[in-house]
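Please look at the sequence and the model together, and keep both at hand while reading the explanation below.

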Amino acid sequence: MKNDDPLDNLFDKLLENESIFKSKEVLRPSYTPEFLPHRDRQINSLATILVSALRGETPSNILIYGKTGTGKTAATRHVGFELEKKSENLNTLCSVLYMNCEIIDTQYRLVANLARQFGEDIPMTGWPTDQVFTKFKETIDSKQQVLIIILDEVDKLIKKGDDVLYNLSRINEDLKNSKVSIIGVSNDLKFTEFLDPRVKSSLGEEEIVFPPYDAEQISDILHQRAEMAYKEGVLDDMVIPLCSAFAAQEHGDARRALDLLRVSGELTERESKQVVEERHVRNAQEKIENDRIVEVVRTLPTQSKLALYSVILLRKNGYVNVTTGEVYNVYRQLSQNIDMDILTQRRVTDLISELDMLGILNAVVVSKGRYGRTKEIDLSVPVESTLEVLFEDYKLKPLENFKPVITSQTHL
(Lines give C-alpha, C1' and ligand atoms only; values in the text may rest on other atoms or scores of the structure.)
Protein backbone atom coordinates (compact mmCIF):
# COMPACT_ATOMS: atom_id res chain seq x y z
CA MET A 1 0.00 0.00 0.00
CA LYS A 2 1.34 3.45 -0.92
CA ASN A 3 2.07 5.68 2.01
CA ASP A 4 1.19 9.34 1.31
CA ASP A 5 2.12 10.58 4.77
CA PRO A 6 3.55 14.10 4.22
CA LEU A 7 6.02 13.49 7.06
CA ASP A 8 7.68 10.72 5.05
CA ASN A 9 10.79 11.89 3.23
CA LEU A 10 10.64 14.99 5.44
CA PHE A 11 14.08 16.27 4.45
CA ASP A 12 14.09 15.30 0.77
CA LYS A 13 12.52 18.54 -0.48
CA LEU A 14 14.73 20.63 1.78
CA LEU A 15 17.85 18.92 0.48
CA GLU A 16 16.84 19.64 -3.12
CA ASN A 17 17.65 23.33 -2.51
CA GLU A 18 21.33 23.93 -3.10
CA SER A 19 23.08 25.47 -0.10
CA ILE A 20 24.63 28.94 -0.44
CA PHE A 21 27.26 27.93 2.14
CA LYS A 22 30.61 26.30 1.44
CA SER A 23 31.41 25.91 5.16
CA LYS A 24 29.10 27.38 7.77
CA GLU A 25 31.39 26.27 10.61
CA VAL A 26 33.94 29.03 9.89
CA LEU A 27 31.32 31.56 11.06
CA ARG A 28 30.92 29.94 14.48
CA PRO A 29 32.78 31.12 17.64
CA SER A 30 34.38 27.67 18.06
CA TYR A 31 36.31 28.04 14.77
CA THR A 32 39.95 29.15 15.07
CA PRO A 33 41.29 30.61 11.82
CA GLU A 34 44.92 30.23 10.75
CA PHE A 35 45.21 33.99 10.36
CA LEU A 36 43.64 36.56 12.70
CA PRO A 37 43.44 40.05 11.17
CA HIS A 38 44.38 43.03 13.38
CA ARG A 39 45.68 40.95 16.27
CA ASP A 40 49.39 40.68 15.33
CA ARG A 41 50.58 42.69 18.34
CA GLN A 42 48.64 40.62 20.88
CA ILE A 43 49.62 37.32 19.21
CA ASN A 44 53.29 38.31 19.19
CA SER A 45 53.11 39.33 22.87
CA LEU A 46 51.63 35.92 23.73
CA ALA A 47 54.22 34.06 21.67
CA THR A 48 57.08 36.05 23.24
CA ILE A 49 55.96 34.98 26.71
CA LEU A 50 55.21 31.33 25.83
CA VAL A 51 58.35 30.63 23.76
CA SER A 52 60.20 29.69 26.97
CA ALA A 53 58.02 26.54 27.08
CA LEU A 54 59.85 25.30 23.98
CA ARG A 55 63.11 25.57 25.93
CA GLY A 56 61.65 23.47 28.75
CA GLU A 57 61.25 26.51 31.02
CA THR A 58 58.13 27.73 32.86
CA PRO A 59 56.42 30.62 31.03
CA SER A 60 54.99 33.46 33.11
CA ASN A 61 51.30 33.25 33.97
CA ILE A 62 49.20 35.57 31.80
CA LEU A 63 45.91 37.42 32.22
CA ILE A 64 44.15 38.41 28.99
CA TYR A 65 41.39 41.03 29.06
CA GLY A 66 38.98 42.38 26.49
CA LYS A 67 35.26 42.70 25.79
CA THR A 68 33.27 39.92 24.12
CA GLY A 69 34.18 39.41 20.46
CA THR A 70 37.64 41.04 20.56
CA GLY A 71 39.48 37.87 19.50
CA LYS A 72 40.88 36.83 22.91
CA THR A 73 39.92 33.16 22.77
CA ALA A 74 40.68 32.76 19.06
CA ALA A 75 44.14 34.36 19.43
CA THR A 76 44.99 32.34 22.56
CA ARG A 77 43.93 29.04 20.99
CA HIS A 78 45.75 29.92 17.76
CA VAL A 79 49.01 30.52 19.64
CA GLY A 80 48.39 27.29 21.61
CA PHE A 81 48.04 25.25 18.38
CA GLU A 82 51.23 26.77 16.98
CA LEU A 83 53.09 26.08 20.23
CA GLU A 84 52.09 22.40 20.27
CA LYS A 85 53.00 22.05 16.58
CA LYS A 86 56.44 23.58 17.14
CA SER A 87 57.07 21.44 20.22
CA GLU A 88 56.48 18.29 18.15
CA ASN A 89 59.06 19.47 15.61
CA LEU A 90 61.56 20.13 18.40
CA ASN A 91 60.76 16.85 20.22
CA THR A 92 59.91 18.73 23.42
CA LEU A 93 56.77 17.74 25.30
CA CYS A 94 54.48 20.75 25.52
CA SER A 95 50.68 20.46 25.95
CA VAL A 96 48.05 23.21 25.82
CA LEU A 97 44.76 22.46 27.59
CA TYR A 98 41.67 24.63 27.07
CA MET A 99 38.95 24.88 29.73
CA ASN A 100 35.77 26.97 29.50
CA CYS A 101 35.02 28.07 33.07
CA GLU A 102 31.44 29.01 32.25
CA ILE A 103 30.80 25.27 31.90
CA ILE A 104 33.48 23.86 34.22
CA ASP A 105 32.95 26.26 37.13
CA THR A 106 34.15 24.47 40.29
CA GLN A 107 37.60 23.45 41.52
CA TYR A 108 36.63 19.76 41.59
CA ARG A 109 35.25 19.70 38.04
CA LEU A 110 38.15 21.72 36.66
CA VAL A 111 40.91 19.57 38.15
CA ALA A 112 39.00 16.33 37.36
CA ASN A 113 38.68 17.46 33.72
CA LEU A 114 42.38 18.34 33.56
CA ALA A 115 43.35 14.93 34.97
CA ARG A 116 41.06 13.19 32.47
CA GLN A 117 43.01 14.80 29.63
CA PHE A 118 45.88 12.55 30.74
CA GLY A 119 43.81 9.38 30.87
CA GLU A 120 42.96 9.40 34.59
CA ASP A 121 39.53 7.95 35.37
CA ILE A 122 38.22 10.38 37.99
CA PRO A 123 34.48 10.49 38.79
CA MET A 124 32.65 13.81 38.35
CA THR A 125 31.77 13.74 42.06
CA GLY A 126 32.63 11.71 45.12
CA TRP A 127 36.34 12.19 45.78
CA PRO A 128 37.73 14.77 48.21
CA THR A 129 39.01 17.73 46.18
CA ASP A 130 42.51 17.40 47.71
CA GLN A 131 42.68 13.81 46.46
CA VAL A 132 41.73 14.88 42.90
CA PHE A 133 44.38 17.62 42.98
CA THR A 134 47.05 15.21 44.26
CA LYS A 135 46.18 12.69 41.53
CA PHE A 136 46.45 15.42 38.89
CA LYS A 137 49.88 16.50 40.15
CA GLU A 138 51.15 12.90 40.24
CA THR A 139 49.89 12.29 36.70
CA ILE A 140 51.51 15.32 35.07
CA ASP A 141 54.73 14.93 37.07
CA SER A 142 55.28 11.40 35.75
CA LYS A 143 57.24 12.85 32.80
CA GLN A 144 59.18 15.95 31.84
CA GLN A 145 56.78 18.34 30.15
CA VAL A 146 55.48 21.90 30.09
CA LEU A 147 51.74 22.33 30.49
CA ILE A 148 49.85 25.49 29.48
CA ILE A 149 46.33 25.68 30.93
CA ILE A 150 43.98 28.19 29.27
CA LEU A 151 41.11 29.15 31.60
CA ASP A 152 38.58 30.93 29.38
CA GLU A 153 36.02 33.11 31.21
CA VAL A 154 38.14 32.68 34.33
CA ASP A 155 36.03 35.26 36.19
CA LYS A 156 33.15 32.72 36.25
CA LEU A 157 35.40 30.35 38.20
CA ILE A 158 36.13 32.75 41.05
CA LYS A 159 32.43 33.34 41.75
CA LYS A 160 32.68 30.13 43.78
CA GLY A 161 35.98 31.10 45.43
CA ASP A 162 39.58 31.49 44.24
CA ASP A 163 40.95 28.30 45.88
CA VAL A 164 41.51 26.63 42.53
CA LEU A 165 43.46 29.61 41.18
CA TYR A 166 45.53 29.74 44.36
CA ASN A 167 46.33 26.03 44.09
CA LEU A 168 47.11 26.13 40.36
CA SER A 169 49.26 29.25 40.63
CA ARG A 170 51.34 27.49 43.33
CA ILE A 171 51.42 24.04 41.69
CA ASN A 172 55.01 24.31 40.42
CA GLU A 173 56.29 24.25 44.01
CA ASP A 174 55.12 20.60 44.25
CA LEU A 175 56.41 19.40 40.87
CA LYS A 176 59.83 17.90 40.06
CA ASN A 177 59.58 17.02 36.36
CA SER A 178 56.77 19.06 34.84
CA LYS A 179 56.07 22.78 34.73
CA VAL A 180 52.66 24.51 34.57
CA SER A 181 51.68 27.93 33.28
CA ILE A 182 48.20 29.49 33.52
CA ILE A 183 46.53 31.77 30.98
CA GLY A 184 43.36 33.41 32.34
CA VAL A 185 41.00 34.96 29.77
CA SER A 186 38.26 37.36 30.91
CA ASN A 187 35.70 39.86 29.61
CA ASP A 188 35.76 41.55 33.02
CA LEU A 189 38.65 43.96 33.52
CA LYS A 190 37.85 44.29 37.23
CA PHE A 191 37.55 40.66 38.24
CA THR A 192 41.03 40.58 39.86
CA GLU A 193 39.77 43.04 42.49
CA PHE A 194 38.01 40.09 44.13
CA LEU A 195 41.10 37.86 44.17
CA ASP A 196 43.37 37.12 47.11
CA PRO A 197 46.38 39.50 46.65
CA ARG A 198 48.76 36.48 46.47
CA VAL A 199 46.71 34.90 43.68
CA LYS A 200 46.46 38.24 41.88
CA SER A 201 50.24 38.78 41.87
CA SER A 202 51.13 35.24 40.76
CA LEU A 203 48.34 34.90 38.18
CA GLY A 204 48.84 38.33 36.63
CA GLU A 205 52.60 38.18 36.04
CA GLU A 206 51.88 39.37 32.50
CA GLU A 207 48.78 41.15 31.21
CA ILE A 208 47.57 41.55 27.61
CA VAL A 209 44.60 43.74 26.66
CA PHE A 210 42.54 43.16 23.50
CA PRO A 211 40.88 46.45 22.40
CA PRO A 212 37.51 46.44 20.56
CA TYR A 213 37.58 46.28 16.74
CA ASP A 214 36.36 49.25 14.71
CA ALA A 215 33.91 48.87 11.80
CA GLU A 216 36.71 48.72 9.21
CA GLN A 217 38.58 45.97 11.09
CA ILE A 218 35.35 43.96 11.51
CA SER A 219 34.77 44.35 7.76
CA ASP A 220 38.22 42.81 7.09
CA ILE A 221 37.40 39.87 9.38
CA LEU A 222 34.04 39.32 7.66
CA HIS A 223 35.57 39.43 4.17
CA GLN A 224 38.12 36.80 5.25
CA ARG A 225 35.47 34.46 6.72
CA ALA A 226 32.85 35.10 4.00
CA GLU A 227 35.31 33.89 1.38
CA MET A 228 35.62 30.58 3.26
CA ALA A 229 31.97 30.32 4.34
CA TYR A 230 29.94 31.30 1.27
CA LYS A 231 29.85 30.33 -2.37
CA GLU A 232 30.90 33.03 -4.79
CA GLY A 233 28.38 35.75 -5.67
CA VAL A 234 25.76 34.95 -3.00
CA LEU A 235 26.37 38.05 -0.83
CA ASP A 236 24.86 41.38 -1.85
CA ASP A 237 27.38 44.27 -1.69
CA MET A 238 25.65 45.82 1.33
CA VAL A 239 25.69 42.68 3.52
CA ILE A 240 29.21 42.91 4.97
CA PRO A 241 29.14 46.72 5.54
CA LEU A 242 25.81 46.39 7.36
CA CYS A 243 26.99 43.47 9.53
CA SER A 244 30.12 45.53 10.38
CA ALA A 245 28.07 48.62 11.25
CA PHE A 246 25.72 46.68 13.55
CA ALA A 247 28.66 44.99 15.32
CA ALA A 248 30.58 48.27 15.69
CA GLN A 249 27.55 49.59 17.63
CA GLU A 250 27.96 46.55 19.92
CA HIS A 251 31.40 47.77 21.13
CA GLY A 252 33.29 46.24 18.21
CA ASP A 253 32.05 42.70 18.79
CA ALA A 254 33.40 40.51 15.95
CA ARG A 255 31.53 37.49 17.32
CA ARG A 256 28.25 39.36 16.89
CA ALA A 257 29.27 40.29 13.31
CA LEU A 258 30.01 36.64 12.46
CA ASP A 259 26.68 35.55 14.00
CA LEU A 260 24.91 38.15 11.85
CA LEU A 261 26.67 36.96 8.72
CA ARG A 262 25.75 33.33 9.47
CA VAL A 263 22.12 33.91 10.54
CA SER A 264 21.53 36.17 7.50
CA GLY A 265 22.50 33.23 5.28
CA GLU A 266 20.33 30.80 7.25
CA LEU A 267 17.30 33.09 6.88
CA THR A 268 18.02 33.39 3.14
CA GLU A 269 18.06 29.59 2.77
CA ARG A 270 14.77 29.28 4.66
CA GLU A 271 13.21 31.47 1.98
CA SER A 272 14.82 29.22 -0.69
CA LYS A 273 16.68 32.28 -2.03
CA GLN A 274 20.19 32.24 -3.50
CA VAL A 275 21.34 35.79 -2.59
CA VAL A 276 21.76 37.25 0.91
CA GLU A 277 20.32 40.76 0.91
CA GLU A 278 20.31 43.76 3.24
CA ARG A 279 16.85 42.83 4.59
CA HIS A 280 18.17 39.41 5.64
CA VAL A 281 20.83 41.13 7.76
CA ARG A 282 18.20 43.36 9.39
CA ASN A 283 16.00 40.33 10.09
CA ALA A 284 19.02 38.48 11.50
CA GLN A 285 19.81 41.43 13.80
CA GLU A 286 16.25 41.33 15.14
CA LYS A 287 16.32 37.54 15.59
CA ILE A 288 19.68 37.53 17.40
CA GLU A 289 18.55 40.35 19.69
CA ASN A 290 15.31 38.50 20.52
CA ASP A 291 17.26 35.28 21.16
CA ARG A 292 19.65 37.19 23.46
CA ILE A 293 16.78 38.74 25.42
CA VAL A 294 15.06 35.35 25.75
CA GLU A 295 18.28 33.86 27.15
CA VAL A 296 18.75 36.76 29.59
CA VAL A 297 15.13 36.48 30.81
CA ARG A 298 15.53 32.71 31.22
CA THR A 299 18.49 33.14 33.59
CA LEU A 300 16.94 35.90 35.76
CA PRO A 301 16.34 35.21 39.48
CA THR A 302 12.67 34.55 40.35
CA GLN A 303 12.23 37.91 42.09
CA SER A 304 13.42 39.76 38.97
CA LYS A 305 11.04 37.67 36.86
CA LEU A 306 8.16 38.72 39.15
CA ALA A 307 9.10 42.39 38.76
CA LEU A 308 9.24 41.98 34.97
CA TYR A 309 5.91 40.10 34.90
CA SER A 310 4.35 42.93 36.94
CA VAL A 311 5.31 45.42 34.21
CA ILE A 312 3.94 43.11 31.50
CA LEU A 313 0.60 42.70 33.34
CA LEU A 314 0.25 46.48 33.67
CA ARG A 315 1.09 46.87 29.98
CA LYS A 316 -1.51 44.24 29.03
CA ASN A 317 -4.07 46.15 31.08
CA GLY A 318 -3.48 49.27 29.00
CA TYR A 319 -0.89 51.05 31.13
CA VAL A 320 2.02 52.85 29.46
CA ASN A 321 5.10 54.26 31.25
CA VAL A 322 4.01 52.76 34.58
CA THR A 323 5.47 53.94 37.87
CA THR A 324 7.47 51.97 40.43
CA GLY A 325 4.54 52.23 42.85
CA GLU A 326 2.19 50.57 40.35
CA VAL A 327 4.75 47.83 39.63
CA TYR A 328 5.25 47.21 43.35
CA ASN A 329 1.48 46.94 43.93
CA VAL A 330 1.20 44.16 41.30
CA TYR A 331 4.48 42.54 42.43
CA ARG A 332 3.11 42.17 46.00
CA GLN A 333 -0.02 40.41 44.70
CA LEU A 334 2.02 38.03 42.54
CA SER A 335 4.41 37.18 45.40
CA GLN A 336 1.53 36.52 47.84
CA ASN A 337 -0.18 34.27 45.28
CA ILE A 338 2.81 31.91 45.03
CA ASP A 339 4.04 32.30 48.65
CA MET A 340 7.25 34.10 47.71
CA ASP A 341 9.00 36.45 50.15
CA ILE A 342 7.86 40.02 49.49
CA LEU A 343 10.81 42.35 49.01
CA THR A 344 10.73 46.01 50.01
CA GLN A 345 9.75 48.62 47.42
CA ARG A 346 13.32 49.91 47.48
CA ARG A 347 14.69 46.46 46.59
CA VAL A 348 12.15 46.02 43.78
CA THR A 349 13.21 49.45 42.45
CA ASP A 350 16.80 48.12 42.40
CA LEU A 351 15.63 45.05 40.44
CA ILE A 352 13.93 47.36 37.93
CA SER A 353 17.24 49.27 37.52
CA GLU A 354 19.04 45.95 36.88
CA LEU A 355 16.45 44.99 34.24
CA ASP A 356 16.97 48.43 32.69
CA MET A 357 20.75 47.82 32.50
CA LEU A 358 20.11 44.46 30.82
CA GLY A 359 17.99 46.20 28.15
CA ILE A 360 14.79 44.39 29.18
CA LEU A 361 13.06 47.46 30.59
CA ASN A 362 13.43 51.16 29.92
CA ALA A 363 13.22 53.07 33.22
CA VAL A 364 13.43 56.87 33.23
CA VAL A 365 13.43 59.01 36.38
CA VAL A 366 10.76 61.76 36.14
CA SER A 367 9.84 64.57 38.52
CA LYS A 368 6.31 64.68 39.93
CA GLY A 369 6.82 68.19 41.36
CA ARG A 370 5.88 68.34 45.03
CA TYR A 371 5.11 64.60 44.96
CA GLY A 372 8.80 63.84 44.48
CA ARG A 373 10.42 61.71 41.79
CA THR A 374 9.57 58.30 40.41
CA LYS A 375 10.59 56.02 37.57
CA GLU A 376 8.47 55.65 34.48
CA ILE A 377 8.94 52.13 33.17
CA ASP A 378 8.27 50.65 29.77
CA LEU A 379 9.08 47.30 28.17
CA SER A 380 11.98 46.92 25.73
CA VAL A 381 11.16 43.31 24.85
CA PRO A 382 8.37 41.57 22.88
CA VAL A 383 5.55 40.60 25.27
CA GLU A 384 4.54 37.16 23.96
CA SER A 385 8.00 35.58 23.63
CA THR A 386 8.96 37.02 27.05
CA LEU A 387 5.84 35.52 28.66
CA GLU A 388 6.65 32.13 27.15
CA VAL A 389 10.09 32.20 28.80
CA LEU A 390 8.72 33.42 32.15
CA PHE A 391 6.22 30.55 32.32
CA GLU A 392 9.00 28.01 31.69
CA ASP A 393 9.83 28.71 35.37
CA TYR A 394 7.69 26.27 37.36
CA LYS A 395 7.34 28.84 40.18
CA LEU A 396 5.67 31.36 37.84
CA LYS A 397 3.56 28.84 35.94
CA PRO A 398 0.60 29.14 38.40
CA LEU A 399 0.44 32.89 37.61
CA GLU A 400 -0.27 32.36 33.91
CA ASN A 401 -3.91 33.53 34.15
CA PHE A 402 -3.45 35.85 37.12
CA LYS A 403 -5.59 39.01 37.10
CA PRO A 404 -4.15 41.69 39.40
CA VAL A 405 -6.25 44.30 41.17
CA ILE A 406 -5.00 47.60 39.80
CA THR A 407 -5.96 50.96 41.29
CA SER A 408 -4.35 53.95 39.57
CA GLN A 409 -5.16 57.15 37.76
CA THR A 410 -2.60 56.61 34.97
CA HIS A 411 -4.75 54.27 32.91
CA LEU A 412 -4.82 55.37 29.23
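Predicted model: local features only at pLDDT ≥ 70, side-chain atom pairs only at ≥ 80, totals over all residues.

Residues are numbered from 1 along each chain as its sequence is written, and side-chain values use heavy atoms, with hydrogens and water left out.

A nonpolar core is here a set of buried Ala, Val, Leu, Ile, Met, Phe, Trp, Tyr and Cys residues joined through side-chain atoms within 4.5 Å, where buried means under 20% relative accessible area, exposed over 50%, and partly exposed in between, with a 1.4 Å probe and protein chains only. The largest such core has 37 residues, and Leu308 and Tyr309 are the members that touch the most others. At least two residues each come from helices H12 (278-298), H13 (302-316), H14 (324-337), H15 (345-357) and H16 (383-390) and from strands S7 (361-367) and S8 (373-379); helices (H or I, at least four residues) and strands (E, at least two) are DSSP runs numbered from the N terminus. H13 gives the most to this core, with eight residues. Leaving aside residues up to four places away in sequence, Leu308 touches Val297, Leu300, Leu355, Ile360, Leu361, Leu379, Thr386 and Leu390, contact meaning heavy atoms within 4.5 Å. Another core, of 34 residues, lies apart from it and includes Leu97, Ala115, Ile122 and Val164.

Two packed helices are described by the angle between their axes and the distance between the axes. For helix H9 (residues 215-229) and helix H11 (residues 254-270), the axes come within 10 Å and cross at roughly 40 degrees. That angle makes H9 oblique to H11, because angles under 35 degrees count as roughly parallel, over 145 as roughly antiparallel, 65 to 115 as roughly perpendicular and the rest as oblique. H9 contributes Ile218, Ile221, Leu222, Arg225 and Ala226 to the contact, and H11 contributes Ala254, Ala257, Leu258 and Leu261.

Most residues other than glycine have a negative phi. His38, in the loop between helix H1 (12-16) and helix H2 (40-50), has a positive phi near 65 degrees, and its 34% relative accessibility makes His38 partly exposed. Glu153 has a positive phi near 55 degrees and lies in the loop between strand S3 (145-152) and helix H6 (154-157), but at 16% relative accessibility Glu153 counts as buried.

Technical notes:
Axes fitted to C-alpha atoms, helices over the stretch in contact; angles between N-to-C directions.
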